[in-house]
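Please read them with the sequence and the structure open.

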Amino acid sequence: MAGDAMKPQVAAEVEAASQEQSSQEQALQDFAGKWRARWPEWSVAEVFVPRAQRGVAVAWAALQQELTDAAWGGSDALPGEAKLGWWMEELQGWRMNRRRHPLGLALQRQAAPWGDLALALPALRDSRERPGDRNEAFDSLIPVATAIGAIDMALFEPVPGQLAEAAVPAIQSSLLESRLVLQGDASVPLSVVARAMARPGEGAAVEWSRELLAQWPARFGATVPRRLWTALAHTRLQRGDAARPLSPWTALLAAWRGARN
């Protein structure tokens with residue numbers, strides 16, 4: 001009799017847990033959708049990623065977008081700083097099987113160095129200040145690019161002969177492309193601004209885009225997803241607008257070249 005009396009309570013708890021899981025899964029898809037909305041080319045490019053890895057790839061890309069949006073988005077730095085502080089705690093919690101963010105559904109149980117990424121986030125936070133020159137722009141991102149590269153290698157099968165360290169320059173370049181999209185002229189190093197002022201007509205952002213392209217590394221990454229993301233960002237810059245999605249055919253060609261890189 002006591003067992004029968006417990007059945008409705010157990011059923012209610014199971015139903016509540018199921019609803020919570022469904023809510024979390026929907027939130028995960030919402031965050032993934034935010035990233036896909038900014039990079040619609042991925043619907044073409046992802047054919048080069050093994051099907052079993054595609055969900056993790058999108059979740060990982062969405063997490064990186066959350067971090068860069070917090071670091072460089074908006075006119076007020078304080079909300080982004082608070083968000084990065086929250087993410088530091090969240091990523092440290094993932095190492096101890098604790099998660100709060102929906103992206104953790106796809107990522108938290110992956111054996112990746114999330115704690116190292118958490119430790120690198122202060123460098124990302126501090127990078128919001130306009131850099132003095134190109135070297136400062138790139139060097140400020142070394143800690144976070146190194147942590148991202150290590151996670152790439154943990155999540156995805158590395159390309160034969162490629163090391164995580166070799167992917168750092170490509171990640172730095174892609175991060176600076178993202179910063180250009182978010183901040184526009186405010187992301188341009190002071191030395192580049194001064195050079196652009198001496199050549200009226202083009203603008204600092206155009207000058208910085210040209211310099212980023214000139215410095216873009218020959219190797220696009222150590223895993224296939226990273227090579228694809230880098231190739232898409234590089235091609236957008238080549239087309240003259242870092243924020244403008246590529247046409248499907250251009251995206252397919254860029255992704256094919258990136259996968260082969």
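1. A residue is called buried here if its relative accessible area is under 20%, exposed if that value is over 50%, and partly exposed in between. With Q108 at 7% relative accessibility, the residue therefore counts as buried. Please keep in mind throughout that this is a predicted model.

2. Q108 is placed in the loop between α5 (104-107) and α6 (114-126). If residues up to four places away in sequence are left aside, the contacts of Q108 are W94, N97, R98, R99 and W114. Two of the names in that list, W94 and W114, return in the aromatic cluster described in the next point.

3. Over the whole structure, the search returns 7 aromatic pairs. In one of them, W86 and W87 are arranged edge-to-face, with 5.3 Å from centre to centre and 90° between the planes. W87 also pairs with W94, and since their planes stand at 85°, with the ring centres 6.3 Å apart, this pair is edge-to-face as well. Ring pairs join W60, W86, W87, W94 and W114 into a cluster.

4. E46 is buried at 14% relative accessibility, while R36, with a relative accessible area of 31%, is partly exposed.

5. A salt bridge also forms between the side chains of R38 and D69, at 2.9 Å from N to O. Here helix α1, which holds R38, is linked to helix α3, which holds D69, across 31 residues of sequence.

6. Which parts of the chain does the pair K83 and E66 tie together? The side chains of K83 and E66 meet in a salt bridge, 3.0 Å from N to O. Because K83 lies in helix α4 (residues 77-94) and E66 in helix α3, the pair ties together parts that are 17 residues apart in sequence. For E66 the relative accessible area is 3%, so this residue is buried, whereas K83, at 35%, is partly exposed.

7. Two further items deserve a look in the viewer. R134, R195, E207, R210 and E211 are connected to one another in a network of salt bridges. Separately, the charged end of R236 sits over the ring of W39, at 3.8 Å from the centre of that ring.

8. To draw the points on Q108 together, this buried residue lies in the loop between α5 and α6 and touches, among others, W94 and W114.

Key: Residues are numbered from 1 along each chain as its sequence is written. This is a predicted model: local features need pLDDT of at least 70, side-chain atom pairs count only at pLDDT 80 or more; totals for chains, interfaces and linings use all residues. Side-chain values use heavy atoms; hydrogens and water are left out. Buried means under 20% relative accessible area, exposed over 50%, partly exposed in between (1.4 Å probe, protein chains only). A salt bridge is a side-chain nitrogen of Lys or Arg within 4 Å of a carboxyl oxygen of Asp or Glu. Helices (H or I, at least four residues) and strands (E, at least two) are DSSP runs, numbered from the N terminus. Rings of Phe, Tyr and Trp (its six-membered ring) pair if their centres lie within 6.5 Å; planes under 30 degrees apart count as stacked, over 60 as edge-to-face and the rest as tilted. A charge sits over a ring if NZ of Lys or CZ of Arg is within 6 Å of the ring centre and within 35 degrees of the ring normal. Contact means heavy atoms within 4.5 Å.
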